[in-house]
Amino acid sequence: MGKHSRFRGRIIDCRGKIKTVISELPINPFKDPRLEDITHPKAKGRGHYQFKDRETGQIIEYDKGRPNKPGHGAHDHYHRPNPNSTGKYDEYLDGAGRPVPDGSEASHLYPPESVWWK
Amino acid sequence: MNISEHTGFFHDGSLIEIEHKNDKIILSMSSAEVDETDLKEPIELSENDRIAGKLHIEGVKNIIVDDEVLEVTLKKEYDNGHICDFEIIDNTVNLAIRWVNYPRKPEVDVFSVITIEGQKIYWENIPDLEDGL
């Protein structure tokens, strides 16, 4: 899903916040030919999108950031739903593909270009 | 605490339960994980660093789900409500929810926009809320 060599890791941004970075995530999913936009019509326009990898079938969720929101809500970010989840405690996958809870820090994923640090 | 100042933390949180009886609605909710340094005022968080509790809406005057007035009881029909948007403006609660069933195969494709107008809205903070993560 990206033009970079594969990289997965956690970095600290200029505010001292830890962010999980995955190089395969595109900075603009709407322009990635490998992704199919499967967003629910009611979610469109509210900044909450879902895409399906045409090759693997993997679904990713993409939330547009809003500057007036706290935390991750202020920044464009991704989530990877866990297709084998049994509940909220393993609903998403972290950067390494491990199950993590809904709303957890580790469930928020970023492409490298969208994270800045000094 | 004035919950309307903190609704932004509920993006990526959970709508855990809905209790609707007569003109009263109680929404059990938990936020996403919160960095305490982002809080404008001290709030007792759950063990997993979330704002968890119940939103009480009393004197409910109007419920709108997906642009249609709801004439029946508001219910939670799926295993979890993933909160995409949550805000309180004056006496109106606005929620955008992506519903989830477990396991996620097949994926539920239901998204609801819920607006509830009441006479009084207040937050009951419950850090040890059951299933609040």
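Strands are DSSP runs of E with at least two residues, helices are runs of H or I with at least four, and both are numbered from the N terminus. In those terms, chain B reads β-β-β-β-β-β-β-β-β along its sequence. This is a predicted model, in which local features need pLDDT of at least 70, side-chain atom pairs count only at pLDDT 80 or more, and totals for chains, interfaces and linings use all residues. Residues are numbered from 1 along each chain as its sequence is written, while chains are lettered from A and ligands numbered from 1 in the order in which they are written.

**Fold of chain B**
- Chain B holds 9 strands and 0 helices.
- Its radius of gyration, taken over C-alpha atoms, is 14 Å, close to the 14 Å that the globule rule (2.2 Å times the number of residues to the power 0.38) gives for 133 residues, so chain B is as compact as a globular protein of that length.
- The C-alpha trace of chain B spans about 40 × 40 × 20 Å along its principal axes.

- Of the 133 residues in chain B, 39% count as buried, that is, with 20 or more other C-beta atoms, placed from the backbone, within 10 Å of their own.
- Among contacts (C-beta atoms, placed from the backbone, within 7 Å) in chain B with a separation of 6 or more, 60% join residues 24 or more positions apart.

**Contact between chains A and B**
- Chain A contributes 24 residues and chain B 29 residues to the contact.
- On the side of chain B that touches chain A, strand 6 (80–89), strand 7 (92–100) and strand 8 (111–117) each give two or more residues.
- Strand 6 of chain B gives the most to that side, with 4 residues.

Key
Two residues are in contact if their C-beta atoms, placed from the backbone, lie within 7 Å. A residue is buried if 20 or more other C-beta atoms lie within 10 Å of its own, exposed if 12 or fewer, and partly exposed in between; C-beta atoms are placed from the backbone.
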